[in-house]
Amino acid sequence: FRESRKALVLTSVLAAAVVLYLGIIAPMARHFNRAGIPDLPDFSGQPASVVEYLETTYSRAMDHPTSDEAVGKLGMAFQAQLCYDEAAACYKKAEELNPGEWRWYYYSSLLYEELGNPKAAIEALKTVINEQPSRPMAWFRLGNAYSKSRSYEDAGRAFRQVLQLPEETAPVIDGVRVPANGAFPLKTYAATELARVQLVQKQFEDARSLLAQVIQANPAFGPAYRVMANVYHDMGKESEADGYEQ
């Protein structure tokens, strides 16, 4: 009888603990873990496929609020729909969940660029480069952010780093290699932006020499001609500048 009573008491305690967990602790934990995930905005009027994707991505994040992958991808979905505040909140939470994952800092930097906040982009990209120092696209964006902040020495160093690193291999999606750097190699853009920085610093010969190499290697790359024209304008050589403008 005594053993049966002990078993009954133990069963009652366990049952109470389960009720307490399911009824109070678990909901509180879910609520706490979901803190930082913004509400889903009203997307009425958007294409059905877009709404379905957003709702699916949102549900996945709410079901897995401690997964930086789920929360970060929700941020990407928000950013694609220009929901910048919501995207920023998701990236911040994803960074807190997994501080060592560089992607969320990188996507945050893209968001800061779109919002015209180069200083915040610089800080995010520094974190990316600290984790992934051999990613030329991160260095390129860092150079752009420094240029917009008028930190031209830092911009020049970042663009030179792009020129020193190997080109990133384009990803293969569904059997097709998809370049992510534009119609020309990333180094072409980096060299042209470096020449633009040199122009601002009145390093005319360095800029002209670098642009001549770019144009020789990529004769269809229009931005190099435009920057070269600006170099000649600032050098006072209008006929040469007109030729490159043409």
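Predicted model: local features only at pLDDT ≥ 70, side-chain atom pairs only at ≥ 80, totals over all residues.

Trainee: Why is Arg150 called exposed?

Mentor: Exposed means over 50% relative accessible area. Arg150 has 66% relative accessibility, so Arg150 counts as exposed.

Trainee: What makes the phi of Arg150 worth noting?

Mentor: Most residues other than glycine have a negative phi. Arg150 is not a glycine, yet has a positive phi of about 65°.

Trainee: Which residue follows H9 with a positive phi?

Mentor: That residue is Lys202. Lys202 is not a glycine, and its phi is about 60°. Its place is in the loop between helix H9 (186-200) and helix H10 (204-217).

Trainee: Why is H9 described as largely enclosed by the rest of the structure?

Mentor: Buried means under 20% relative accessible area. In H9, 11 of the 15 residues are buried, so H9 is largely enclosed. Among them are Leu186, Thr188, Glu193 and Leu199.

Trainee: Against which helices do the buried residues of H9 pack?

Mentor: They pack against H7, H8, H10 and helix H11 (222-235).

Trainee: How do you know that the span of H9 is close to the expected one?

Mentor: H9 reaches 21 Å from its first C-alpha to its last, and 21 Å is expected for its 15 residues at 1.5 Å a residue.

Terms used: Residues numbered from 1 in each chain as written. Heavy atoms only, no water. Buried < 20%, exposed > 50% of the residue type's maximum accessible area, 1.4 Å probe, protein only. Helix = DSSP H or I, 4+ residues; strand = E, 2+ residues; numbered from the N terminus. Expected span 1.5 Å × (residues − 1). Contact = heavy atoms within 4.5 Å.
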